[in-house]
Amino acid sequence: MGKVIKFPEQNRRDAEVQKLLQIADEIDAVIIQHLRSGDVEPREIAGLLAHRLGTLMRHVEQKGLLWDVCEKVAKSQAAIE
């Protein structure tokens, strides 16, 4: 699977990085499974992920900072700009 996020190696414990990689792989597996089965359209999955991200952001104080990071990563991964 492709790497979606470049994980910083400095100031991170190896266990934390490994856990984040595991979570990313699990999310990718679920998305790919449903895309391959054809039971959901890609735009529906994108909408679902956006909805979940919005719910997560409700619990973060610095929403603007989190939004900037999310936008930058999404554009980078989609090769936009």
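Biologist: Before we start, what should I know about the model and its numbering?

Modeller: The model is predicted, with local features needing pLDDT of at least 70 and side-chain atom pairs counting only at pLDDT 80 or more, while totals for chains, interfaces and linings use all residues. Residues are numbered from 1 along each chain as its sequence is written, and side-chain values use heavy atoms, with hydrogens and water left out.

Biologist: How do you know how confident the predictor is in the protein?

Modeller: We read pLDDT, the predictor's confidence in each residue, from 0 to 100. The protein averages 85, and 85% of the residues score at least 70. Among the elements, α1 has the highest mean pLDDT (92) and α3 the lowest (87).

Biologist: What makes the pattern of the protein α-α-α?

Modeller: Helices are DSSP runs of H or I with at least four residues, strands are runs of E with at least two, and both are numbered from the N terminus. The protein has 3 helices and 0 strands, and reading along the sequence gives α-α-α.

Biologist: Why is Leu49 called partly exposed?

Modeller: Buried means under 20% relative accessible area, exposed means over 50%, and partly exposed is in between (1.4 Å probe, protein chains only). Leu49 has a relative accessible area of 41%, so it is partly exposed. Leu49 belongs to helix α2, residues 42-57. Gly54 is also in α2, and its 34% makes it partly exposed.

Biologist: Which residues of α2 are buried, and what do they pack against?

Modeller: Ile45, Thr55 and Met57 are buried. The buried residues of α2 pack against α1 (14-37) and α3, where contact means heavy atoms within 4.5 Å. Across the 81 residues of the protein, 7% count as buried.

Biologist: What makes Ile23, Ile27 and Leu49 a nonpolar patch?

Modeller: Patches are made of residues with over 30% relative accessible area and no salt bridge; nonpolar side chains (Val, Leu, Ile, Met, Phe, Trp, Tyr) are joined within 5 Å, and like charges within 9 Å. Ile23, Ile27 and Leu49 form such a patch on the surface, with about 240 Å² of accessible area together. Accessible areas come from the Shrake-Rupley method with a 1.4 Å probe, and for residues only the protein chains shown count as cover. The accessible surface of the protein comes to about 7,100 Å², of which 57% belongs to carbon and sulfur atoms.

Biologist: Why is the pair Glu71 and Lys75 called a salt bridge?

Modeller: A salt bridge needs a side-chain nitrogen of Lys or Arg within 4 Å of a carboxyl oxygen of Asp or Glu. The closest N and O atoms of Glu71 and Lys75 are 3.4 Å apart, and the pair forms a salt bridge. Being 4 residues apart in helix α3 (residues 63-77), the two are separated by about one helical turn. Glu71 is partly exposed at 34%, and Lys75 is partly exposed at 27%.

Biologist: How many salt bridges does this rule give?

Modeller: The count comes to 2. Glu44 forms a salt bridge with Arg43, with the closest N and O atoms 3.6 Å apart. Arg43 counts as exposed at 65%, whereas Glu44 counts as partly exposed at 42%.

Biologist: What makes Ala79 worth a look?

Modeller: Its phi is near 55°, a positive value in a residue other than glycine. Ala79 lies in the segment after α3, and its relative accessible area of 68% makes it exposed.
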